[in-house]
Structure formats: structure tokens, C-alpha cells
Amino acid sequence: MRVNLTVNGRPMTADDVWEGESLLYVLRERLGLPGAKNACEQGECGSCTIYLDGAPVCACLVAAGQAEGREVVTVEGLAGAAGGPHGELRAGPDGERDGERDGGPGGGLNRGPDSGLTEVQRAFADAGAVQCGFCTPGLVVQAHALLADGDGVPPDADIREALAGNLCRCTGYEKILDAVRLAAARRHPHPPP
């Protein structure tokens, strides 16, 4: 079967899709977008969270055929909204790509306003909320969804509820909560009147 969808603002087609294939598999293996991670394949961990028609969903639970004609935004697309037009990260002044400063890939993260990262992604890096990184894309998408819906810094209970479907084995969650608070504070530096 052929699946036509819009991914991160670009029309895309996946051919030879098996009826039981998940949208996660199509994104990662057929379209070359590895941001959403494949962990539980049961919608329990949240590492594959993406936007489907503007709503956060676990891509492992969506049959690829259900995405026909629909809009998908992955963590790469969030970066694309802040950076390049198709989710690629911008090159820095010396031609290095984000994450390539200070001694090669992963040697240092360009987190400035021109880094191509969203405010949520920068906050995760700045707050130390990224350990192994496996859960990070899903957490970033879910935090982005939470912060898109409101003004100011949400109460901890709201942050915890929004991220309840995302599991992390490395951070102990406090740094993740710090990152969401930081991103919210940067988006809305003064509380609404």
C-alpha cells in the first residue's frame, strides 16, 4: 500500500507499506526520521510521541494507513520550526552543525537562539534533562504540547500529568520538570496579569 502524508511541512510518500505497519516504523525506516524512538511498541513509554493533526500521539499505536492524507510533526519538525525549513539543524558560523562544536559531534551543543532548537529543546539541554536521550524526543514533543496550550509556568501537577505517559530511566524526572519550567519561563518571562 502507498501512504501519502505531510511530515514536518513536506509532502511525503511511503511505498510498499504493509497493512499492519505502524506509523513509527514508516517514519523511522521508510522516511528516515529517527527522532521518535521505538521502545515498547505498546504506547506505554511515550518515546515515540509525535503530533498527528496537531494532537500528541504515540506513533507506535497508529497504523501507517491511518496517516493517509494527514499532517505529522516529529521532534525533527519542531527543530525545523526554529531552524531550517525541513527539520535540519542550521550550520554555525564556521560551518559546523549543531552539536559539532568543541571537538566534533556531541562535543558541545550550540544552544543559542540561532541553534535551530526550539525553546523546549534548549531548556532540556540547559537544565540537564537529557541523559541517554532515548526518551527525550517524546518528552520534548509532549512538553511542547503542554506549553503551547497556556501562558506562564504551569503548576507542577499539570506538568506531571502531561508527562505521565512518558517514561525515563535515567534522570529521576526532577531535571525534566526543571526543563519544562525553564522553557515556560523563557516563553513567558512575566506572569500574565
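The elements run β-β-α-β-β-β-α-α-α-α-α. That comes to 6 helices and 5 strands. Keep in mind that this is a predicted model.

Some totals next. The protein has 193 residues, and 47% of them count as buried. Now take the contacts with a separation of 6 or more. Residues 24 or more positions apart account for 54% of those.

On to the sheet. In what order do the strands stand? The order is β2-β1-β5-β3-β4. The sheet is open, and its pairing is mixed. A quick reminder: strands of a sheet pair through backbone hydrogen bonds, either parallel or antiparallel.

Which strands stand at the edges? They are β2, residues 10–14, and β4, residues 55–58. Each has a single partner strand, so one side of each is left without a neighbour in the sheet. Neighbouring strands are also turned against each other, by 40° on average, direction ignored.

Let's zoom in on one pair. Strand β3 covers residues 49–52, and strand β5 covers residues 71–73. The two run antiparallel, joined by 2 bridges. Look for Tyr51: across from this residue, in β5, stands Val73.

Now the helices on the sheet. Helix α1, residues 23–30, packs there and touches β1, β2, β3 and β5. The direction of α1 makes about 105° with that of β3. Helix α4, residues 136–148, packs on the sheet too, touching β3 and β4. For α4, the angle with the direction of β3 is about 45°.

Is Ile50 buried or exposed? Its relative accessible area is 0%; buried means under 20%, so Ile50 is buried. What does Ile50 touch, leaving aside neighbours within four places in sequence? Its contacts include Leu23, Leu27, Val72, Val73 and Val141. Pro137 is 87 residues away along the chain, yet the C-alpha atoms of Ile50 and Pro137 are separated by 8.6 Å.

Last stop, a pocket. The second largest pocket holds about 220 Å³ of space. What kinds of residue line this pocket? By class, there are 9 nonpolar, 1 polar and 1 charged. Among the lining residues are Cys40, Cys45, Cys132, Cys135, Cys168 and Cys170. Ser47 and Arg169 are in the lining as well.

Terms used:
Residues are numbered from 1 along each chain as its sequence is written. This is a predicted model: local features need pLDDT of at least 70, side-chain atom pairs count only at pLDDT 80 or more; totals for chains, interfaces and linings use all residues. Side-chain values use heavy atoms; hydrogens and water are left out. Two strands pair if DSSP finds at least two bridges between them. Helices (H or I, at least four residues) and strands (E, at least two) are DSSP runs, numbered from the N terminus. Axes are lines fitted to C-alpha atoms, for helices over the stretch in contact, and angles run from 0 to 180 degrees between N-to-C directions. Contact means heavy atoms within 4.5 Å. On a 1 Å grid over the protein atoms alone, a cavity is a set of points where a 1.4 Å probe fits but cannot get out, and a pocket is an open set with protein on both sides within 12 Å along at least five of seven lines; lining residues have an atom within 4 Å of a point. Grid points are joined across faces, edges and corners, and a volume is the space filled by probe spheres set on the points. Ala, Val, Leu, Ile, Met, Phe, Trp, Tyr, Cys and Pro count as nonpolar, Asp, Glu, Lys and Arg as charged, and the others, Gly among them, as polar. Buried means under 20% relative accessible area, exposed over 50%, partly exposed in between (1.4 Å probe, protein chains only).
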